[in-house]
Amino acid sequence: MFNAWKLADFAPGQGVAAGANTESFDHANWIDVSVPGDVHRALIAAGRIPDPYYDQNETQCAWVEDREWWYRRRFDLAMDAPHSDERLQLVFHGLDTFATLWLNGEQLGTTQNMFRSHVFDVTTKLRVNGSNVLAICFDRPLDHADPERVKQFSAWGNDPERVLMRKAQFGYGWDWGPRLPTVGIWMPVELKRQRQAALTGTHFYTVKHDAAQNLALVAVHVEADPFATEQPLAATIRLVPDPAAAADGSIIEHTLSLKRSGDQAVGTAYLQVNNPHLWWTHDLGNPTLYTLQIDLQAGDAILDSHESMVGIRTLTLDQSPDPAERGTRFFRFVLNGVPIFARGADWIPAESFVGGIPDSRYQLLLTAARDANMNMLRIWGGGIYEHDVFYNLCDQLGLLIWQDFMFACAMYPEDDPVFVKEVELEAIAQVRRLRSHPSLALWNGNNENQWIHDQVFWDRVDYPVPGALYYHHILPSIVSEHDGQIPYWPGSPFGGSDHASMEDGNRHNWQVWHGNVPRRFGEEPQRVNTPDGVSFALYAKDSGRFISEFGMHAAPVYETLRRNIPADQLYHHSPSMDHHNKDNPKNKGDNLMIAVTGLPATLEDYIDYSMIAQAEGLKFGIEHFRRRKPHCSGTLFWQLNDCWPVLSWSVMDYYGFGKAGYYYAKRVYASLLASFKLHDDGSVELWLTNDTLQAVTTTVTVALRAFTGATVWADTTPVTIAANDSQPVLRWDADCFTDRTAHYLSVASSDDAFPRNRAFFGMIKDVERVPVAPTVQIAQISPHELRATLTAPAFAYFVHFTVASETVQFSDNYFDLEPDETKVVTITDAQHPLRPTDISLAYR
């Protein structure tokens, strides 16, 4: 009913003057716009703006944010008139952002928050048997950001006008994103017809799991609005197991009488589930889901219904003292009684234009995260509370979610009661919307606000960050009242002797890449932007408890650059390339490459060198942090994905091509990891890090080899690592290693218990090796599948396949080859036929 919308723009304030709000206004010549969707998408389709992602076209779209945008929709209804005990509600699940709405020429109301639904009672306003006209005016957002008031929040943080709006903050530009502030109906619109009473909230949670008795106690909380009845209300609750996962399970059914509480009817049912099938992250078990069905009834009449997928699981945040490292505390999630190491990445919006992102995009990215052995993603606070499909997929895939509230890198007003109220309503709406998802692991107050504020005002202990009212009072209170199960944390980072402390809480490590030197409260911040000052080798000095941001830039694949950079600008630091690098200074990544690979001479060099620096850095850092388990209990690197084609910290580019960092992370995030720790005294340890729930015994072969292929020595030894543990299992003294620049260490398992791994004794630019070409044979297995078999006569580095289509998937890519190794890679494309000639092979 609400698909055929029309769109036009006016100078601010001129739409009403032209009569665009009236019923009789003729909008036949307006352009089409999809709902849910976005103004920019409609303008691109109509040819009014160029592709904002190509070259520097972003600047040609700047005028969009200076206009007033109108949506109109004429629609006919043919339904019975509502009875006296019925109501009609027009529900807008997302309006971006400052909107005034008219129905048949009568003003319905206004909105000023894109992060919550807006509901309008249209029982007496809607023509149920006739024609209706909806008109919506979206104001120019900057008209709601008084310049004098903006100055109050300008001490730090980019584009401070954004802080006066409850709107996606990244739209005003970030160090990885363009300035393309969105506008429009970005989430679905629906017309609800309700009789007597309606469900207003449900909350499913696990009270207790008793493993010894093999049972669980779960709660189902139900809230209803009895808007036109005095009859007693009841909720019929059914908990239906997944037949595939719980064939021996039975449907649990319970009738709950609701009690009046003010203008609501509420109740909580407690259900015992025998032989429960728990929800686990995918690496520890099955993310089993049950179907929760709730019917709201008055007598035998069903007035409203709800259905959702839920999981039985317990989850806590352990912050007890760490007895092995005095003066520190754990920061670790405990799932179903098991302390886990969170392996994952930070998530930003999957598209600059957040309205109408296709489900297939979420399926691609989240499946890729699962396939890379990740078990947690953090939804970053400068984007959006994600669409329902995101959370549903995480439930299904067994991925935990760290959920930021939408505040990022800025000071926020506390003195405007209207703004404060909007924050409260937004938080209540989102907590109530998301609280039953088994994947939800943490509510987090903001991104970096306390941390940055303390760095700017390092000598002002009496000056808390503007916005602290939300992070330390309003948000935790709302989480406690409306959820009460999922833990809350004030910020990322937060805790300890600095808000990025290594002793307590969670930490962002931006010494690597940005050069931020670790500090304590009261110390003046320092930055060292030199190759040594930003080297990923500095991760070895980080003893943080949970690292929720760290990372390095890398270019996307050539195909992504080819699609978005003019051919005459396909070179490092061209104007177009630098435009697609939003971090400053534009040569910041050069310091990292100087230390790792040397500076690039060609575009091909730049793509490979930046990817090598990122991938080797992530490998080094994650190995270090995982070896520190349980003292460190999580790594969420910055970042998984992109919102446009850009040079950024992502390991998957805008189209879904995996960078080298993605495949390195996939290997280093394996549940069982073997890694080398090189000590300052020259000795070396082999560590096994086991995130599984079973002890592992395997036979490892460790070899010191020349890059030319010769083996200096090899040790084959049985080793054992306990469940959920990380320990050194072998050690060698310094005199076991001679001529280190010409040799490397490798480790493999006789039963492939973990991915093969290696360690260099220096950066890749400093080792003595000659590039070695691998041999590859590609077999056609089916029209959509190829199998590549690779060997090499000596050590081959950074072996990788390239393709022109992002729909092609590789079982592995960007890997090393040793002379005794045969590597088999499966290559598939579910959407298009594949031929061996579609695949190119490269190496370094």
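First, some ground rules. This is a predicted model, in which local features need pLDDT of at least 70 and side-chain atom pairs count only at pLDDT 80 or more, while totals for chains, interfaces and linings use all residues. Residues are numbered from 1 along each chain as its sequence is written, and side-chain values use heavy atoms, with hydrogens and water left out.

## A sheet of six strands

Let us start with an open sheet whose six strands follow the order β2-β1-β3-β9-β6-β7, with antiparallel pairing. The edges belong to β2 (31–33) and β7 (106–112); each has a single partner strand, so one side of each is left without a neighbour in the sheet. On average, neighbouring strands here are turned by 30° against each other, direction ignored. Strands (E, at least two residues) and helices (H or I, at least four residues) are DSSP runs, numbered from the N terminus. Two strands pair if DSSP finds at least two bridges between them.

Look now at strand β3 (residues 68–78). Is it largely enclosed or left open by the rest of the structure? Eight of its 11 residues are buried, so β3 is largely enclosed. Here, buried means under 20% relative accessible area, exposed means over 50%, and partly exposed lies in between (1.4 Å probe, protein chains only).

Strand β1 (residues 5–10) pairs with β3 in the antiparallel sense over five bridges. Leu7 has Tyr71 as its bridge partner in β3, and Asp9 has Trp69. β3 also pairs with strand β9 (residues 129–138), again in the antiparallel sense, over 10 bridges. There, Phe75 stands opposite Asn132 in β9. As you trace these strands, keep a general rule in mind: in a regular strand the side chains alternate between the two faces of the sheet.

Helix α2 (residues 39–46) lies across β1, β2 and β3 and runs at about 135° to β2. Contact means heavy atoms within 4.5 Å. Axes are lines fitted to C-alpha atoms, for helices over the stretch in contact, and angles run from 0 to 180 degrees between N-to-C directions.

## A sheet of four strands

Another open sheet has four strands in the order β36-β35-β38-β39, with antiparallel pairing. Its edges are β36 (711–721) and β39 (757–760), each with a single partner strand, so one side of each is left without a neighbour in the sheet. Neighbouring strands of this sheet are turned by 20° against each other on average, direction ignored. Strand β35 (residues 696–706) meets strand β38 (residues 743–749) in antiparallel pairing over seven bridges. Within that pairing, Val700 stands opposite Ser749 in β38.

## Salt bridges

A salt bridge is a side-chain nitrogen of Lys or Arg within 4 Å of a carboxyl oxygen of Asp or Glu. By this rule the count comes to 59. Here are some of them:

| Pair | Distance, N to O |
|---|---|
| Glu426 and Arg166 | 2.8 Å |
| Arg433 and Asp388 | 3.0 Å |
| Glu821 and Arg756 | 3.7 Å |

How far apart in sequence are the parts that Glu426 and Arg166 tie together? Glu426 lies in helix α6 (residues 417–434) and Arg166 in the loop between α3 (147–151) and β10 (172–174), so the pair ties together parts that are 260 residues apart. Both Glu426 and Arg166 are buried.

Helix α6 also holds Arg433, while Asp388 lies in helix α5 (residues 388–397), so this pair ties together parts 45 residues apart in sequence. Arg433 is partly exposed, with a relative accessible area of 27%, and Asp388 is partly exposed too, at 45%.

Glu821 is buried, with a relative accessible area of 10%, whereas Arg756 is partly exposed at 33%.

Finally, Val207, Leu217 and Tyr270 make a nonpolar surface patch of about 270 Å². Patches are made of residues with over 30% relative accessible area and no salt bridge; like charges are joined within 9 Å, and nonpolar side chains (Val, Leu, Ile, Met, Phe, Trp, Tyr) within 5 Å. The areas come from the Shrake-Rupley method with a 1.4 Å probe, and for residues only the protein chains shown count as cover. Leu217 sits in strand β15 (residues 215–225) and counts as partly exposed, at 31% relative accessibility.
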